[in-house]
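Try each task on your own before reading the solution below it.

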Amino acid sequence: MADQTRILDESPAKRRGRLGLPGARTREEAIESMIRVDHAGEYGAVRIYEGQLAVLGKRPGSRRAAELIRHMAAQEQEHLDTFDRLVLERRVRPTLMSPVWNVAGYALGAVTALMGEKAAMACTAAVEEVIDDHYAGQERALQDDTDSEFRGVISKFRADEAAHRHTALDAGAEQAPGYPLLSAAIRAGCRLAIRISERL
Ligand SMILES: [Fe+2]
Ligand SMILES: [Fe+2]
């Protein structure tokens, strides 16, 4: 009973921190876990686009797609730079999965690009749909929190990711061969990567 009262006395954000994320016992741990997974995700995003550009970057017929990808990749690099800084400043342990996301991200980018420009765009649309959801969840968890710096970062990046998704859809993502299956597989993979990076 005494313990229950103490939990109820905490701010909503602190209660969410205590109860919200897997393995997180306090608000601080919850925020650390968020920074760890976001850092991992932005790293993965940079690697996906590097893989795509390795295939499409110099292909004469793919100049328009490569240009779109370069623009999105530059924003992903900014996102990654921000999380590199947050990880250092706040002494967050980076995910142990970096070597895996390094290879898996690049391979996903390269393989989808080898399937064609539309498949590369389908990859972006699928990834960004999951990331938009993911950042939306973090925005909700932080809505009453005092950490306005982190909340601001998330809102800004979520808007960028939503724009990437629209760019990819406008560039014909849905016309990729086998789109529903491709998209579902990539979304499932991203969700799994998120769950793993929150913990490890
Ligand atoms: Fe990003
Ligand atoms: Fe993105």
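**Exercise 1. List the buried residues of helix 4 and find what covers them.**

Solution. Start with the terms: helices are DSSP runs of H or I with at least four residues, strands are runs of E with at least two, and both are numbered from the N terminus. A residue is buried if 20 or more other C-beta atoms lie within 10 Å of its own, exposed if 12 or fewer, and partly exposed in between, with C-beta atoms placed from the backbone. By this rule helix 4 has these buried residues: Ala65, Ala66, Leu68, Ile69, Met72, Ala73, Glu76, His79, Phe83 and Leu86. Next, look for contacts, which are pairs of residues whose C-beta atoms, placed from the backbone, lie within 7 Å. The cover over the buried residues of helix 4 includes helix 3, helix 6 and helix 7.

A word on the source: this is a predicted model, where local features need pLDDT of at least 70, side-chain atom pairs count only at pLDDT 80 or more, and totals for chains, interfaces and linings use all residues. Residues are numbered from 1 along each chain as its sequence is written, while chains are lettered from A and ligands numbered from 1 in the order in which they are written.

**Exercise 2. Compare the span of helix 4 with the expected one, then inspect the residue Arg91 that follows.**

Solution. The expected span of a helix is 1.5 Å times one less than its number of residues. Helix 4 has 27 residues, and its first and last C-alpha atoms are 39 Å apart, close to the expected 39 Å. Now move on to Arg91, in the loop between helix 4 and helix 5. Arg91 is not a glycine, yet its phi is positive, at about 50°. Arg91 counts as exposed because 7 other C-beta atoms lie within 10 Å.

**Exercise 3. Do the same for helix 7 and Gly172.**

Solution. The 23 residues of helix 7 should span 33 Å at 1.5 Å a residue, and the end C-alpha atoms are 33 Å apart, so the two agree. Buried in helix 7 are Val153, Ile154, Phe157, Glu161, His164, Arg165 and Ala168, with a cover that includes helix 4 and helix 6. Gly172 follows helix 7 and has a positive phi near 95°. Gly172 is partly exposed because it has 17 other C-beta atoms within 10 Å. Leaving aside neighbours within four places in sequence, Gly172 is in contact with Lys118 and Met121. The C-alpha atoms of Gly172 and Lys118 are 5.7 Å apart, although 54 residues separate them along the chain.

**Exercise 4. Describe the largest nonpolar core.**

Solution. A nonpolar core is a set of buried Ala, Val, Leu, Ile, Met, Phe, Trp, Tyr and Cys residues joined through C-beta atoms within 7 Å. The largest one has 50 residues, and Tyr49, Leu56, Ile69, Met121, Ala122, Cys123 and Val127 have the most contacts inside it. Helices 3 to 8 each supply at least two of its residues, and helix 3 gives the most, 14. Beyond neighbours within four places in sequence, Val127 touches Ala45, Ile48, Ile186 and Cys190 by the contact rule.

Methods. Two residues are in contact if their C-beta atoms, placed from the backbone, lie within 7 Å.
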